[in-house]
Amino acid sequence: VSRFVRDNSLGLFFLVLFLAALVAQSFAGWFDFNEVARAEGSNEYSYVRYISSSHFGQAVLENWQSEYLQFFLFIFATVWLVQRGSPESKQVEEAGLGTDRHHFVGRFATRLSPAWAKKGGWRTRLYENSLVLVMGFLFLGSWLGQSVTGWTEYNDEQRIQGAETVSWLGYVQRADFWEATLQNWQSEFLAVGTMVVFSVYLRQRGSPESKPVGAPHSKTEVSG
Amino acid sequence: VIVRGTLLLFLTYLLLSLAGLGLYITVGLLHR
């Protein structure tokens, strides 16, 4: 195995899983779409037309937005909120942004610190929040994408039924949009909360998401 | 030291996400 693959197996593994699942989803969605189209007597789509449709776009993005929201909130919340006993949490008394010394920022930067961690000023401000900012941007972008593709889908249905179409602003106030949004949010919040609390008492030998098997339940912020 | 391949992986994820958003925001707006 090349050094690149060995050094990046986690990132590569999930990239391959993501692409495989996305392609599989596109075929399943395409078959389902055409089944419904046949039953309704409307036009069937080619594969290329389907993957460039709002139907597929909405199905993809409503799941993306909730994942990015999950990470955005988790990264942000764990700055100030703690869970005693969880390896996902900081020590209870360390809640907050921490010191420059702790973060190797400005004059505490080391030789190998990223350039913007050394610089100070707005560059360091931006860089020290870059993970949450990018996650937040991707969340808002995919949520916007879900809203416009969902809007298009919604209006297509309305037209088929001979009902009035709605504006984008009208659509984001409709139950259709919020049901698609909230059904994804609830599952993310449950999963994160479960992970945080389960990891207090349960272990996986060898995983950095877990505490060492023999670590006490009361021990916070150590990985195995 | 992080090698160039890791940066490539980082950019792959970033560009895939941005391309997905960009594509379907456009699709949603155009096909309406």
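**Note on the interface of chain A and chain B**

1. The model is predicted: local features need pLDDT of at least 70, side-chain atom pairs count only at pLDDT 80 or more, and totals for chains, interfaces and linings use all residues. Residues are numbered from 1 along each chain as its sequence is written, chains are lettered from A in the order in which they are written, and side-chain values use heavy atoms, with hydrogens and water left out.

2. In chain A, 30 residues are in contact (heavy atoms within 4.5 Å) with 18 residues of chain B.

3. The two chains bury about 2000 Å² between them, 75% of it on carbon and sulfur atoms; this is the accessible area (1.4 Å probe) lost on putting the two parts together, summed over both. On the side of chain A that touches chain B, two or more residues come from each of α2 (9-40), α3 (47-51), α4 (54-80) and α8 (130-160). Of these elements, α8(A) gives the most, with twelve residues. By class, this side has 17 nonpolar, eleven polar and two charged residues.

4. A:Q70 is placed in helix α4 of chain A. This residue counts as buried because its relative accessibility is 15%, and buried means under 20% relative accessible area (1.4 Å probe, protein chains only). Leaving aside neighbours within four places in sequence, A:Q70 is in contact with A:E188 and A:V192.

Terms used. Helices (H or I, at least four residues) and strands (E, at least two) are DSSP runs, numbered from the N terminus. Ala, Val, Leu, Ile, Met, Phe, Trp, Tyr, Cys and Pro count as nonpolar, Asp, Glu, Lys and Arg as charged, and the others, Gly among them, as polar. Buried means under 20% relative accessible area, exposed over 50%, partly exposed in between (1.4 Å probe, protein chains only).
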